[in-house]
Amino acid sequence: MKIVDIQCFPLRTDLSRAIGFSQWYYHAKNNFVLKVVCDDGTVGWGECYGPNLAIAASVEHHFQPLLIGKDPLQNEVLWNFMWCAYCDFNRYGIFMAAISGIDIALWDIKGKALNTPVRVLLGGSSEPLPCYATGMYYRDDKPEAEMLAELLDEAATYVDAGYTFLKVKVGKNLEFDKELIAQFRKRFPESKIAADSNHAYNYKEAISIGKVLEANDYCWFEEPLSPENYADMARLRKVLSVPIAAGECEQTRYGFERFASARSLDIFQPDIAYCGGITEFQKINALASAAHADVVPHCWGLKINQAAAASAISMVPENPGRFERRQVFLEVDQTEHPIRDTIFSTAHDVIDGKLHFNDLPGLGVIIDESAMEPFVIDPKVKD
Ligand SMILES: [Mg+2]
């Protein structure tokens, strides 16, 4: 079996209404999908998290030429081959995002070649996965009080749909954030809730918000500080009882090793479409285990990454574990996304707040390429 082609699909769709978080407002969704084609006709689908045209350039000009003619089943060998070929440049950023998507596609191919789901190749469980609803993004067309009321109503639709776990955005301003945290707890006393600031706070602000999260029994405090601030995250972890989570901006076992050695995190959150793919995720998972931390992958894109994250979660260990298991929840983004909602003819179903695995070989997703075609962007258009 040999790789004969890698095709890139940078995708874009405008949103009907902008959604915001602590750093900016999204007016469009951009995603990147790639297809690895083999000489026997087998194809594997991969997804990368990051700026799509830059990733497309790195795949087309750098990794695709390296991989033509290689055996796709040797994902470990090929990961190291790609790593070494551009080691000076791919330690962080776009190149590692590209490697991530290629690696995901190689796992899809391996599963198809062996007629086995990726979840089974990883040794995971077939139990349905509980999911948490990510949403409650800011709206720039309303005053804060009205917006908060709308966000609470938005969350109620997820609870009605069967979700028992919500993730809200914080990091707008301290006053609003504290009000939002309290209002969500008041409205949803039975729900698990986590808060994500997307690295909005300095250390003192994070302590102040963290105490409100503790008082309202939140499940975790995500990206409280700058992704570079390993030391202060470790300090924060010592002074707050709310678990500290981060990692969606981090890549490779070497990046996560800094979190591990500083004991910065209770929860590692690698994004499989960015951290180095499924192959590298396994190393990060082992590192987190040795650091006595949980692993809850970040997952904010299309259903390829969702299938990879679900397959990975199906096998992550508890640290340390007990008879009555603590459940790991899969992130399911609820925001408007016409690409995600139209290009897959088959994927794992999310019903009543749980992902149910299908038994298809590979990742278990099938893309309708004619449905994807309208979203493919011209490389000359600004990303
Ligand atoms: Mg996040």
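Where is the place of P320?

**View 1. The loop that holds P320.** P320 sits in the loop between α11 (303-313) and β11 (330-333). Helices (H or I, at least four residues) and strands (E, at least two) are DSSP runs, numbered from the N terminus. A cis peptide bond, with omega about 0°, joins N319 and P320. The model is predicted: local features need pLDDT of at least 70, side-chain atom pairs count only at pLDDT 80 or more, and totals for chains, interfaces and linings use all residues. Residues are numbered from 1 along each chain as its sequence is written.

**View 2. The open sheet of β1, β2 and β3.** Three strands form an open sheet in the order β1-β2-β3, with antiparallel pairing. Two strands pair if DSSP finds at least two bridges between them. β1 (3-20) and β3 (43-48) stand at the edges with a single partner strand each, so one side of each has no neighbour in the sheet. On average, neighbouring strands of the sheet are turned by 20° against each other, direction ignored. Axes here are lines fitted to C-alpha atoms, for helices over the stretch in contact, and angles run from 0 to 180 degrees between N-to-C directions. Strand β2 (residues 25-38) and β3 run antiparallel and are joined by six bridges. In this pair, V33 stands opposite E47 in β3.

View 3. Which residues of α1 are buried? They are N52, I55, A56, S58, V59, F63 and L67. A residue is buried if 20 or more other C-beta atoms lie within 10 Å of its own, exposed if 12 or fewer, and partly exposed in between, with C-beta atoms placed from the backbone. An α-helix has 3.6 residues a turn, so residues three or four places apart point the same way. The buried residues of α1 pack against β1, β2, β3, α2 (75-85) and α3. At V59, α1 bends by about 40°; the bend is the angle between axes fitted to the seven residues ending at a residue and the seven starting there. G69 follows α1 and has a positive phi, near 90°.

View 4. The chain is divided into domain 1 (3-118 + 368-375) and domain 2 (119-366), with bounds from an automatic or database domain assignment. Taken over C-alpha atoms, the centres of domain 1 and domain 2 are separated by 22 Å. The contact takes 46 residues from domain 1 and 49 residues from domain 2. On the side of domain 1 that touches domain 2, β1, β2, β3, α2, α3 and α13 (369-372) each supply at least two residues. α3 gives the most to this side, with twelve residues. By class, this side of domain 1 has 22 nonpolar, 15 polar and nine charged residues. Ala, Val, Leu, Ile, Met, Phe, Trp, Tyr, Cys and Pro count as nonpolar, Asp, Glu, Lys and Arg as charged, and the others, Gly among them, as polar.

View 5. V212 is found in helix α7 (residues 203-215). V212 counts as buried because it has 21 C-beta neighbours inside 10 Å. Leaving aside neighbours within four places in sequence, V212 is in contact with K178 and I181. L225 is found in the loop between β7 and α8 (230-239). L225 counts as buried, with 24 C-beta neighbours inside 10 Å. Leaving aside neighbours within four places in sequence, the contacts of L225 are H199, Y201, Y203, A206, D232, M233 and L236.

View 6. D217, not a glycine, has a positive phi of about 60°. D217 lies in the loop between α7 and β7 (221-222), and it is exposed, with 11 other C-beta atoms within 10 Å. H292 is also a residue other than glycine with a positive phi, near 60°. The place of H292 is in the loop between α10 (277-290) and β10 (294-295). H292 is exposed, with 11 other C-beta atoms within 10 Å.

Key
Two residues are in contact if their C-beta atoms, placed from the backbone, lie within 7 Å.
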